[in-house]
Amino acid sequence: MRAITVPVVQLDLTGEVSPISIVRTKLALEPLPAGVVVRVVVDHPAAARNVPRSAAEWGQDVLAVRAEPGGWVIVVRRRG
């Protein structure tokens, strides 16, 4: 059995505040093909709440939201 690798795009939005973080996440997702995973790093509490909520509203799969030292990581998979 072969392992399946999924492309992961890193999007570092530390220092950005909401709504800029939402806009930049949407712009990063739009050109990507279905199945690509975007790992969004934020350090603003509003962005940690609003980015995953907005991504779900756009029809994307929010796979994880977790706190890490210095901020949060939001993992989103692009839907087709």
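Helix axes are lines fitted to C-alpha atoms over the stretch in contact, and angles run from 0 to 180 degrees between N-to-C directions. Helices (H or I, at least four residues) and strands (E, at least two) are DSSP runs, numbered from the N terminus. The model shown is predicted: local features need pLDDT of at least 70, side-chain atom pairs count only at pLDDT 80 or more, and totals for chains, interfaces and linings use all residues. Residues are numbered from 1 along each chain as its sequence is written, and side-chain values use heavy atoms, with hydrogens and water left out.

**View 1. Packing of helix α1 against helix α2.** Helix α1 covers residues 20–29 and helix α2 covers residues 45–57. Their axes lie 9 Å apart, at an angle of about 35°. On the α1 side, S21, I22 and T25 make the contact, and they meet A47, N50, V51 and S54 of α2; contact means heavy atoms within 4.5 Å. By class, three nonpolar and four polar residues take part, and no charged ones. In this classification Ala, Val, Leu, Ile, Met, Phe, Trp, Tyr, Cys and Pro are nonpolar, Asp, Glu, Lys and Arg are charged, and the others, Gly among them, are polar.

View 2. S21 is found in helix α1 and counts as buried because its relative accessibility is 0%; buried means under 20% relative accessible area, exposed over 50%, and partly exposed in between (1.4 Å probe, protein chains only). The C-alpha atoms of S21 and A47 are 6.3 Å apart in space, although 26 residues separate the two in sequence. Not counting residues up to four places away in sequence, S21 touches L13, A47 and V51. T25 also has its place in α1, and at 1% relative accessibility T25 is buried. With residues up to four places away in sequence left out, the contacts of T25 are L11, L13, V40, V51 and W58. R24, placed in α1, is partly exposed because its relative accessible area is 35%. Beyond four places in sequence, R24 touches L11, L13 and E16. Between the C-alpha atoms of R24 and A47 the separation is 11 Å, for residues 23 apart along the chain.

**View 3. The largest nonpolar core.** This core holds 16 residues, of which L11, V38, V40, V42 and I74 touch the most other members. A nonpolar core is a set of buried Ala, Val, Leu, Ile, Met, Phe, Trp, Tyr and Cys residues joined through side-chain atoms within 4.5 Å. At least two residues of this core come from each of α1, β2 (37–42), α2 and β4 (71–77). Helix α2 gives the largest share, four residues. Leaving out residues up to four places away in sequence, I74 touches V38, R39, V40, V42, A47, A48, V51, P52, A64 and V65.

**View 4. A55 in helix α2.** The place of A55 is in helix α2, and A55 is buried, with a relative accessibility of 0%. A55 is in contact with Q60, V62 and V76, leaving aside its neighbours within four places in sequence. K26 is 29 residues from A55 in sequence, and the C-alpha atoms of this pair are 7.5 Å apart in space.

**View 5. D43 in the loop between β2 and α2.** D43 is found in this loop and is partly exposed, its relative accessible area being 33%. Apart from neighbours within four places in sequence, D43 is in contact with L13, T14, G15, E16, G70, G71 and W72. A polar atom of the D43 side chain lies 2.9 Å from the backbone nitrogen of G15. The C-alpha atoms of D43 and V73 are separated by 8.8 Å, and the two residues are 30 apart along the chain.

**View 6. The cis peptide bond between S18 and P19.** A cis peptide bond joins S18 and P19, with omega about 15°. P19 lies in the loop between β1 (8–12) and α1.

Notes. A polar contact is a pair of N or O atoms within 3.5 Å; within protein, one must be able to donate a hydrogen and the other to accept it, and residues adjacent in sequence count only if both atoms are side-chain atoms.
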